[in-house]
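Student: I am new to this structure. Please pick one part and take me through it closely.

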Amino acid sequence: VSEYSIISQDIESGTKTKDINELTVSVSEGPNPDKEIIVPDMDGWNSERVINYVLDNYLNNVDVSFEKSDKAEDTVIEQNKSGSMKRSDELKLTFSLGEELDNSDVKMADLINKSEFEAIFYLKQHRIKYEIEKEFSNKIERGNVADQSVKAGDTVKVDSDDNKVTITISKGKSIKVPDLKKMSMVKITEWVVENKLKLEFTNKYDDSVKENNVISANYDKGDKIEQGSTVKVVISKGNLVMENFK
């Protein structure tokens, strides 16, 4: 289920609201990085097959390298592990550059909107030195390439420290935090969902803040945060009233 979409609800649709005291919904945080999967032996796999496998299985800690080899160009020649592992476990793959290295200039590909993994893979595959920067973007999805210093179609030298390519990765749109202390729990939840944030509510007694009002939050009004950030809000339970213990 895509991130921030509803996975399930504990009350069936069509139930009359007058019969409902509480509704619990489960919201997707996207693919679970700790889920265990079976990673196959990729020896001999070509680059396209590897990229598709990594993206399809949501692996998020894959490190690739390329070296001269007598094995077929752009195929896996070494792998640090296979079998059961978490999606977040490090997977190191070494690819062959072939027996003879081509040192001619490379025509730069269009990396805009490619994932960070795909962009880095391409740059290493073509022996292009690079730097990574991260910036807010209102147009490009978080984690994808928003800009590249060398335009698609322009040539770039291989293995050149003086000719590095800068790749800018999107942090998603810049989100300005409103005054959360003046908002209700419902309004805060709507704002969080709309901006693809995460939310944690906690409750505590407070003599000075009315029940169900916000006591504090981990972000102040005017702060700029990125998608995926967790907003932590403390809600007042009102005055602590002494119970009858008789």
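Tutor: Start with a term. On a 1 Å grid over the protein atoms alone, a pocket is an open set of points where a 1.4 Å probe fits, with protein on both sides within 12 Å along at least five of seven lines. A residue lines a pocket if it has an atom within 4 Å of a point. Grid points are joined across faces, edges and corners, and the volume is the space filled by probe spheres set on them. Rolling a probe the size of a water molecule over the atoms shows where empty space is left.

Two notes on the source. This is a predicted model, in which local features need pLDDT of at least 70 and side-chain atom pairs count only at pLDDT 80 or more, while totals for chains, interfaces and linings use all residues. Residues are numbered from 1 along each chain as its sequence is written, and side-chain values use heavy atoms, with hydrogens and water left out.

At least two lining residues come from each of β2 (25-27), α3 and β14. Helices here are DSSP runs of H or I, at least four residues long, and strands are runs of E, at least two long; both are numbered from the N terminus. The largest share of this lining, 5 residues, belongs to α3. By class, the lining splits into 11 nonpolar, 3 polar and 3 charged residues. Nonpolar covers Ala, Val, Leu, Ile, Met, Phe, Trp, Tyr, Cys and Pro; charged covers Asp, Glu, Lys and Arg; the others, Gly among them, are polar.

Take α3 itself. It spans residues 185-194, and I188, W191 and V192 are buried in it. Buried means under 20% relative accessible area, exposed means over 50%, and partly exposed is in between (1.4 Å probe, protein chains only). Down the axis of α3, its buried residues fall within an arc of 100 degrees, so they line one face of the helix. That arc is taken from the directions from the helix axis to the C-beta atoms.

What does the buried side of α3 pack against? Its buried residues pack against β13 (175-176), β14 (198-204), β15 (214-217), β16 (224-225) and β17 (230-236). Contact means heavy atoms within 4.5 Å. β14 also supplies at least two residues to the pocket lining.

Turn to the other face. Pointing away from the buried side are the exposed residues V186 and E194. After α3 comes K196, whose phi is positive, near 55 degrees.

An α-helix has 3.6 residues a turn, so residues three or four places apart point the same way. K187 is partly exposed at 48% relative accessible area. E190 is partly exposed too, at 45%.

Another joins D179 and K182, at 4.0 Å from N to O. D179 is partly exposed at 24% relative accessibility, whereas K182 is exposed at 71%. One more links R127 and D159, whose closest N and O atoms are 2.8 Å apart. This pair ties distant parts of the chain, 32 residues apart: R127 sits in the loop between α2 and β9 (130-135), D159 in the loop between β11 (155-156) and β12. R127 is buried at 12% relative accessible area, while D159 is partly exposed at 44%.

The largest pocket holds about 1,100 Å³. Of its 29 lining residues, N60, E141, R142, G143 and N144 lie closest to its centre. Its lining divides into 10 nonpolar, 9 polar and 10 charged residues.

Notes: Salt bridge = Lys/Arg side-chain N within 4 Å of Asp/Glu carboxyl O.
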